[in-house]
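Please look through the sequence and the model below before reading on; the paragraphs that follow start from one element and then widen to the whole chain.

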Amino acid sequence: MNKLKEIIQESGYKQNFIAQKLGVHRTEISQWIADRRRPRNDQIRELSKLLRCKIKELYPDYKLQ
């Protein structure tokens, strides 16, 4: 299972809620979960704050920029 999907499920948040908080469309979240797209660096940081997890848990290869 995709780590992002797992963390979202554990958080109890719906994709619509996450999308609203990040200012993106729900389909964007689906794209991230399916690994078809990747969030921008600022979105990754906000996502980790929202989901209360470390960035490296979401994206192990993330490089701070």
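Against which helices do the buried residues of H4 pack? In this predicted model, they pack against helix H1 (3-11), helix H2 (15-22), helix H3 (26-33) and helix H5 (55-58). The residues concerned, on helix H4 itself (residues 41-51), are Gln-43, Ile-44, Leu-47, Ser-48, Leu-50 and Leu-51, and because they fall within an arc of 160° when seen down the axis of H4, they line one face of the helix. Just after H4, Arg-52 takes a positive phi of about 55°.

Turning to the chain as a whole, its secondary structure comes to five helices and zero strands, and read along the sequence the pattern is α-α-α-α-α. The radius of gyration is 11 Å, close to the 11 Å that the globule rule gives for 65 residues, so the chain is as compact as a globular protein of that length. Along its principal axes the C-alpha trace spans about 25 × 20 × 20 Å. Among contacts with a separation of 6 or more, 42% are accounted for by residues 24 or more positions apart.

As for burial and surface, 35% of the 65 residues count as buried, while the accessible surface of the chain comes to about 4,600 Å², with 46% of it belonging to carbon and sulfur atoms.

Definitions and conventions. Residues are numbered from 1 along each chain as its sequence is written. This is a predicted model: local features need pLDDT of at least 70, side-chain atom pairs count only at pLDDT 80 or more; totals for chains, interfaces and linings use all residues. Side-chain values use heavy atoms; hydrogens and water are left out. Helices (H or I, at least four residues) and strands (E, at least two) are DSSP runs, numbered from the N terminus. The radius of gyration is taken over C-alpha atoms; the globule rule is 2.2 Å times the number of residues to the power 0.38. Buried means under 20% relative accessible area, exposed over 50%, partly exposed in between (1.4 Å probe, protein chains only). Contact means heavy atoms within 4.5 Å. Accessible areas come from the Shrake-Rupley method with a 1.4 Å probe; for residues, only the protein chains shown count as cover. The arc is that of the directions from the helix axis to the C-beta atoms.
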